[in-house]
Each structure stands twice: as structure tokens, then as C-alpha cells.
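Good morning, and thank you for coming. Please keep the sequence and the structure in view while I speak.

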Amino acid sequence: MAYSFPQRLNTLFWLMLPTTKRTEYGTLEIGYTKGNGFWACKRTFGGTEEVVNGVTVIKNTAVVDCYFNDKITANCRLKDKEGRLWRIITSPENINGENKYLQFKIEIIEGVNK
């Protein structure tokens, strides 16, 4: 059965590629550089409530479907048009192994060190 996108590709993301630099103390410092933009289908599900250290926290997650891009990996970040950063939390799945479509899950990065 042929795969098709569940919705229109109506969300613009910019790929944020990881860069590493060794500090003078020998540790690796990870930064991100802005890569190309791409259109995707983003589906959110209202967030998930969790209690962390007695505080209720809502984790906003989404599923992203897009055309295949071998630069999108699990250690990349995505930036949306509002400037919000999203962390990829599952390895991007190459749908049917055809190098045509990708699907992965993301989580918004807010209120923590970006």
C-alpha cells in the first residue's frame, strides 16, 4: 500500500544542524547552525501531563511527516516560524525504506536550557 501524507504540508521548519567544539578544558560544546527550510505535516495531540518533583508539567509533543532528507537525524533540532525550538525524540523513520518520506516525533523545548 502506498504511503500518503495524513494532511497537507503546511508547517515550515528550519533544520538546525548540530556542531561540536572542544573547549579549552577538553569537554565538547554542542551548538546548532541553521540549515535549509522544509515543509512538513505537524500533528499535535494536546500534550502529556507529568508530575516532576511535585510540579505538574505538560510536555507538548507532535508527529512530523515530511519528504525524505538524509540531513534530518535524531540529534538535530527544528525551528518553527514562531522561533520555537523542537527536539527530535525518535529516530526519523524512512517510510517503507524508499527514501521518499520521513516520520518522527518531536517535543518542544521551553523553560529549559536550549
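Predicted model: local features only at pLDDT ≥ 70, side-chain atom pairs only at ≥ 80, totals over all residues.

I shall speak about aromatic rings, then charged side chains, and finally a surface patch and a loop.

Let us start with the aromatic rings. How many aromatic pairs does the count come to? The count comes to six aromatic pairs. One of them joins Tyr 3 and Phe 5 in an edge-to-face arrangement, with 5.9 Å from centre to centre and 80° between the planes. The two partners fall into separate classes of accessibility. Tyr 3 has a relative accessibility of 22%, so it counts as partly exposed. Phe 5 has a relative accessibility of 19% and therefore counts as buried, since buried means under 20%.

Tyr 3 also forms an aromatic pair with Tyr 101, and this one is tilted: the centres are 5.0 Å apart and the planes stand at 50°. Where in the chain do Tyr 3 and Tyr 101 lie? Tyr 3 is in the segment before strand 1, Tyr 101 is in strand 9, which covers residues 101-109, and the two are 98 residues apart. This pair thus links distant parts of the chain. Tyr 101 itself is buried, because its relative accessible area is 17%.

The charged end of Lys 34 sits over the ring of Trp 14, at 4.6 Å from the ring centre.

I turn now to the salt bridges. A search of the whole structure finds six of them, and I shall describe several.

The side chains of Lys 21 and Glu 29 meet in a salt bridge, with 3.9 Å from N to O. Lys 21 is exposed, because its relative accessible area is 51%. Glu 29, at 43%, is partly exposed.

Compare this with the salt bridge between Asp 65 and Arg 43, whose closest N and O atoms are 2.6 Å apart. This pair too links distant parts of the chain: Asp 65 belongs to strand 5, residues 61-67, while Arg 43 belongs to strand 2, residues 28-44, and 22 residues separate them. Are Asp 65 and Arg 43 buried or exposed? Both of them are buried.

A further salt bridge joins Glu 82 to Arg 84, the closest N and O atoms being 3.2 Å apart. Arg 84 has a relative accessible area of 30%, so it is partly exposed.

Salt bridges can also share partners. Which residues do such salt bridges join into one network? They are Lys 59, Arg 87 and Glu 107.

Glu 107 is placed in strand 9. With 10% relative accessibility, Glu 107 counts as buried, because buried means under 20%. Leaving aside neighbours within four places in sequence, Glu 107 is in contact with Lys 59, Asn 60, Thr 61, Leu 85, Trp 86, Arg 87 and Ile 89.

Arg 87 is found in strand 7, which covers residues 85-88. Its relative accessible area is 27%, so Arg 87 is partly exposed. Apart from neighbours within four places in sequence, Arg 87 is in contact with Arg 77, Lys 105, Ile 106, Glu 107 and Ile 109. Arg 87 and Glu 29, by C-alpha positions, are 17 Å apart in space and 58 residues apart in sequence.

Next comes the surface patch. Val 52, Val 55 and Val 57 form a nonpolar patch on the surface, and together they have about 210 Å² of accessible area. Val 52 lies in strand 3, residues 48-52. Its relative accessibility is 37%, so Val 52 counts as partly exposed.

My last topic is the backbone of one loop. Asn 96 is found in the loop between strand 8, residues 93-94, and strand 9. Its phi is near 60°, a positive value in a residue other than glycine. Asn 99 lies in the loop between strand 8 and strand 9 as well. Asn 99 is not a glycine either, yet its phi is positive, at about 55°. With a relative accessible area of 48%, Asn 99 is partly exposed.

Thank you for your attention.

Definitions and conventions
Residues numbered from 1 in each chain as written. Heavy atoms only, no water. Patch = residues over 30% accessible without salt bridge, like charges linked within 9 Å, V, L, I, M, F, W, Y side chains within 5 Å. Areas by Shrake-Rupley, 256 points an atom, 1.4 Å probe, with all protein chains shown as cover. Salt bridge = Lys/Arg side-chain N within 4 Å of Asp/Glu carboxyl O. Helix = DSSP H or I, 4+ residues; strand = E, 2+ residues; numbered from the N terminus. Buried < 20%, exposed > 50% of the residue type's maximum accessible area, 1.4 Å probe, protein only. Contact = heavy atoms within 4.5 Å. Phe/Tyr/Trp six-rings, centres within 6.5 Å; stacked < 30°, edge-to-face > 60°. Lys NZ or Arg CZ within 6 Å of the ring centre and 35° of its normal.
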